Amino acid sequence: MIEDMIKMTKAGIVCKVSDKIVNLDPKSATPNSVNFVSHAHWDHLPSYDTGLVLTSMETKEIASLRGRKISNYVEHHDDFRLYDSGHILGARAALFHDIFYTGDICTRDRGFLKGATIPKCHTLITECTFGKPEFVFPKIDEIVKKVNELISELYHKGKPVILMGYQLGKAQTISNLFGHWEPLYYHDSVKEMNLLHNRLGMSLKEAMGHSEAESKNLLDKKPWIMVCPLMSENNPFIKQMKSKYDAITIGFSGWAKSNVPFGRKSDYTFPLSDHCDYPELLELVKKTGAQKIYTIHGFVDEFASDLVKLGYDAQPLVENTLDEFL
């Protein structure tokens, strides 16, 4: 049975299909196998790529910018069909031998990112980062409207505003959604990532980095908007922006309404995520028509349990050793 060939190991998810080994987002890309890398967030990039890596060109380029070289890579493989997973630029989900692996996935449109396309499959391996009923995200238009109103109110008071989201993914979405505000600046790390996105075909507004803006005393001329990575209130950079310029921070995270703040606090927080929320995860499962479902990353036990109650054959994919294959 297909499901007996799928294991979670210390090295990542390993599938044995038709006497071939497939590694899904492995910690190290190994020889004599196909190593599928879904996207360029740190927790999905291999530390070493001694084997063939199947990934998108965008993921390869973003990984290189982040100091992870993927040299032996291909964008196509006869046994695989890749789908845009809607998570970040270049993110892919993979269908192979009737197994669909989502990687990190989002089915709703957000700025320049389009929601994932979901194929039919026998076996589904799905992330469930927000796999609890409490996670229901508002429509993107509603978030944009509220944030624009807040920025307008703060601008009227002469307050500069720092919009914060993960440096890769969220920061580009924020840049796209709120790039119409002037003057606009980017944290240097966000500017670097945005420039790469532009070279890869995305149309993100170009703006000055924070170091150059400070050196020219432009931040003294308030108000302004700056897009930054997600940082805690105790981060030295945020402390400086607040003490020197009286900046107000607005954070964007799917955890905004949860009890899991990960130690990050903003003056205002909005629930904007690059993952599916709970209803979207349920709809994803339904669309695949999967007969067997494995849950990974997030509320794996809770989501699998809910799926079982709905009549699905579902279970968390728990860690085993690679030796069980050999």
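Predicted model: local features only at pLDDT ≥ 70, side-chain atom pairs only at ≥ 80, totals over all residues.
**View 1. Strand E13 between its two partner strands, E16 and E17.** Toward E16, E13 pairs in the parallel sense over four bridges, and here the bridge partner of Met-164 is Cys-228. In a regular strand the side chains alternate between the two faces of the sheet. Strand E13 (residues 161–164) is covered on both faces, with Val-161 and Leu-163 buried on one side and Ile-162 and Met-164 buried on the other.

**View 2. The open sheet of six strands with parallel pairing.** The order of the strands is E15-E14-E16-E13-E17-E18. Strand E15 (208–209) and strand E18 (268–270) stand at the edges, and because each has a single partner strand, one side of each is left without a neighbour in the sheet. Between strand E14 (residues 184–186) and strand E16 (residues 225–228), which run parallel, there are three bridges, and Leu-184 has Ile-225 of E16 as its bridge partner.

**View 3. The open sheet of six strands with mixed pairing.** In this sheet the strand order is E1-E2-E3-E5-E7-E8, and the edge strands, each pairing on one side only, are strand E1 (6–9) and strand E8 (73–74). At the E8 end of that order, strand E7 (residues 52–54) and E8 pair in the parallel sense over two bridges, with Leu-54 standing opposite Val-74 in E8.

**View 4. The contact between helix H3 and helix H4.** The axes of H3 (residues 170–178) and H4 (residues 188–199) come within 10 Å and cross at roughly 75°, which makes H3 roughly perpendicular to H4. On the H3 side the contact is made by Ala-171, Gln-172 and Ser-175, and on the H4 side by Val-190, Met-193, Asn-194 and His-197. Sorted by class, the residues of this contact are three nonpolar and four polar, with no charged residues.

**View 5. The buried face of helix H7.** An α-helix has 3.6 residues a turn, so residues three or four places apart point the same way. In H7 (residues 278–288) the buried residues are Tyr-278, Glu-280, Leu-281, Leu-284, Val-285 and Thr-288; seen down the axis of H7 they fall within an arc of 160°, so they line one face of the helix. These buried residues pack against strand E11 (99–101), strand E12 (123–128), strand E19 (292–298) and helix H8 (300–309). Following H7 is Gly-289, whose phi is positive, near 65°.

**View 6. Helix H8, with its buried face and its exposed residues on the other side.** Val-300, Phe-303, Ala-304, Asp-306 and Leu-307 are the buried residues of H8, and since, seen down the axis of H8, they fall within an arc of 160°, they line one face of the helix. On the other side of H8, Asp-301 and Lys-309 are exposed. The elements against which the buried residues of H8 pack are E12, H7, E19 and strand E20 (314–316). Gly-311, which follows H8, has a positive phi, near 100°.

Methods: Residues numbered from 1 in each chain as written. Heavy atoms only, no water. Pairing = 2+ DSSP bridges. Buried < 20%, exposed > 50% of the residue type's maximum accessible area, 1.4 Å probe, protein only. Arc of directions from axis to C-beta. Contact = heavy atoms within 4.5 Å. Axes fitted to C-alpha atoms, helices over the stretch in contact; angles between N-to-C directions. Parallel < 35°, antiparallel > 145°, perpendicular 65-115°, else oblique. Nonpolar A, V, L, I, M, F, W, Y, C, P; charged D, E, K, R; others polar.
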